[in-house]
Amino acid sequence: MAYNHKIITVDDSSTMRRIIKNTLIKIGFSNILEAGNGIEALEVLAQNNVDLIITDWNMPEMDGLTFVKTLRAKDQYKEIPILMVTTEAAKEDILTALKSGVNNYVVKPFTPDILQEKVFKLLGL
């Protein structure tokens, strides 16, 4: 099945962006944007409407939490679902991310099935 949703994946690791992008392509998504950190993502988002944001926590320039807080402070980005994919696995970290505005959370390493489940849930599929 093919989906028309536009998704941006934000991670400083090009390898991780490729893993997420390839997983999304296998699921049926083809409209996938990429950014290496929060600042780059804000530039991409200023020129593109997206249906889902998948972001890492630990990134240079602007980390994932600051990126999420920045998005949630702007009306045009308040309703976009955000999935955080990160190595930060402590319960306190997950709560911090959720309080910052993240809608769901995936701990690395993850399986394609877990990513698909979270993406589908956030997109209402």
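Buried means under 20% relative accessible area, exposed over 50%, and partly exposed in between, with a 1.4 Å probe and protein chains only. This is a predicted model: local features need pLDDT of at least 70, side-chain atom pairs count only at pLDDT 80 or more, and totals for chains, interfaces and linings use all residues. Residues are numbered from 1 along each chain as its sequence is written, and side-chain values use heavy atoms, without hydrogens or water.

**View 1. E61 has a positive phi.** E61 sits in the loop between β3 and α3. Strands (E, at least two residues) and helices (H or I, at least four) are DSSP runs, numbered from the N terminus. Phi of E61 is near 70°, and the residue is not glycine. Most residues other than glycine have a negative phi. E61 counts as exposed, at 66% relative accessibility.

**View 2. D56 is buried in the loop between β3 and α3.** Its relative accessible area is 5%. The D56 side chain makes a polar contact with the side chain of K108, at 3.4 Å. A polar contact is a pair of N or O atoms within 3.5 Å; within protein, one must be able to donate a hydrogen and the other to accept it, and residues adjacent in sequence count only if both atoms are side-chain atoms. Leaving out residues up to four places away in sequence, D56 touches V10, D11, D12, G64, M84, V85, T86 and K108. Contact means heavy atoms within 4.5 Å.

**View 3. A cis peptide bond joins K108 to P109.** Omega is near -5°. Most peptide bonds are trans. P109 lies in the loop between β5 (104–107) and α5 (112–123). P109 is exposed, with a relative accessible area of 81%. From P109 to T87, the C-alpha distance is 7.5 Å, across 22 residues of sequence.

**View 4. Helices α3 (residues 64–72) and α4 (residues 91–100) pack together.** Their axes are 9 Å apart, at an angle of about 25°. The two helices are therefore roughly parallel, a label for angles under 35 degrees. L65, V68, K69 and R72 in α3 meet T96, A97 and S100 in α4. By class, this contact has three nonpolar, two polar and two charged residues.

**View 5. Confidence along the chain is given as pLDDT, the predictor's confidence in each residue, from 0 to 100.** The chain averages 94, and 100% of the residues score at least 70. Among the elements, α4 has the lowest mean (90) and strand β3 (residues 52–55) the highest (98).

Conventions: Axes are lines fitted to C-alpha atoms, for helices over the stretch in contact, and angles run from 0 to 180 degrees between N-to-C directions. Angles under 35 degrees count as roughly parallel, over 145 as roughly antiparallel, 65 to 115 as roughly perpendicular and the rest as oblique. Ala, Val, Leu, Ile, Met, Phe, Trp, Tyr, Cys and Pro count as nonpolar, Asp, Glu, Lys and Arg as charged, and the others, Gly among them, as polar.
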